[in-house]
Amino acid sequence: MKLEKMAPKCGVEISGISLAHCSDDEMRAVKQAIYEQGVAVFRDQDFSPEDHIAFAKKWGGIDINNYFPLENEHPEIAVVKKEPDQQTNIGGAWHTDHSYDQVPAMGSILVARVLPPAGGDTMWAHMGAAYDALSDDLKQQIEGLEAFHTADHVYNEGGLYAQTDMGKSLRGQDVRTGAVHPVVIRHPQTGRKLLYVNSAFTIHFLGQTREESLPLLQQLFDAALTGDNECRLEWKPGTVAIWDNRTTWHNAINDYQGHAREMHRITLTGEALAA
C-alpha cells in the first residue's frame, strides 16, 4: 500500500489496495490516513454496491440520508445525481455533511458511477490546518463559543434547493433539523483541534442573533480556505473517495452543464463532538 499526498495539508491518494478485499491491517492504516489527512482517494476500484455497503460497515453504523434519492435495491446508498438538463448540482458550495445533526456523521464514502466527459471535480479543505492558520487573537475570540447548525433553509419546502431545478429530485422537505456544536472541536481519534463551522449550515453563535454572528462567522469562513489546505480530485471511472466530515469541508464543482453525473454515497455514523 502506497500513500501520496494530494496537497501540502489536505488529502492523500492511496494505491496498491483493493477496498473490497482489504485486510484488517490495511483498514486500520486507511482509517488513520483519513483521520489525519481529511480525505483519501482510491483509483481503479472494482466496487459493487454490495462491496460499498460491506466496506462501510467496517467503520460502524450507516446514516440513511433524509434528503437525497436512495438506490432502489440498496437504501443504505444515497444517489447524488445531476441530469443533463439540470443546471443545479447537489453540494455545489463549501460545506460539511450533516453538521446539522445532534451527532454529526463521521464521514462519507463516495463512488463514481456516471461521470461527465470533463469537469465535476470535488475539492476538500482541512479544518485542522484552517484552525492552525488563525491568528492568536481570533483563536482566543472563538475559544469556548458554540454555534447553531441547521439544514432547514436548504432542504425544506421553499428552501434554497426548492427554488431550483434540483428541488423535485430531493426528499425530506418536512424534516426539521437543528444542533449546537462547539466552534472548535477536538478530533475524537487524533485529538487535533479543528474549526467546526461551515457557511452552508452554521447559522449563528449561541446567545447571538444571526446578524450579530455574521461578521465573525464570515471572518472564519474566509480564513478557513488558505489555498495550501485545499486539495482537488479529478474523478475517473473506478474512483472512490472517503473523507472525514469533522476534519474537512468539501465542494462539488458544477462545471459540466449538459452532461449527467451520478455518484453513490454512504454516510458513516459519527459520535458526539466535544470542544
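Strand E6 (residues 74-82) supplies three residues to the lining of the largest cavity, the most of any contributor. The model is predicted, so local features need pLDDT of at least 70 and side-chain atom pairs pLDDT 80 or more, while totals for chains, interfaces and linings use all residues. Residues are numbered from 1 along each chain as its sequence is written, and side-chain values use heavy atoms, without hydrogens or water.

**Cavity**
- One cavity of 30 Å³ or more turns up in a search of the whole structure; a cavity is a set of points on a 1 Å grid over the protein atoms alone where a 1.4 Å probe fits but cannot get out.
- The largest cavity has a volume of about 50 Å³, volume being the space filled by probe spheres set on the points.
- Its lining, meaning residues with an atom within 4 Å of a point, consists of Val80, Lys81, Lys82, Asn89, Ile90, Tyr256 and Arg261.
- Three of these lining residues are nonpolar, one is polar and three are charged.

**Strands E1 and E2**
- The protein chain has six helices and 17 strands, assigned as DSSP runs of at least four residues (H or I) and at least two (E).
- E1 (residues 2-5) and E2 (residues 12-15) run antiparallel, joined by four bridges; pairing requires at least two DSSP bridges.
- Leucine 3 is opposite isoleucine 14 in E2.
- Six residues separate the strands of this hairpin, and glycine 11 in the turn has a positive phi of about 90°.

**Whole chain**
- Of the 275 residues, 53% are buried, that is, under 20% relative accessible area with a 1.4 Å probe, protein chains only.
- The C-alpha atoms fill a box of roughly 50 × 45 × 30 Å along the principal axes.

Definitions and conventions: 1 Å grid on protein atoms, 1.4 Å probe; cavity = no way out; pocket = protein on both sides within 12 Å on 5 of 7 lines; lining within 4 Å. Nonpolar A, V, L, I, M, F, W, Y, C, P; charged D, E, K, R; others polar. Buried < 20%, exposed > 50% of the residue type's maximum accessible area, 1.4 Å probe, protein only.
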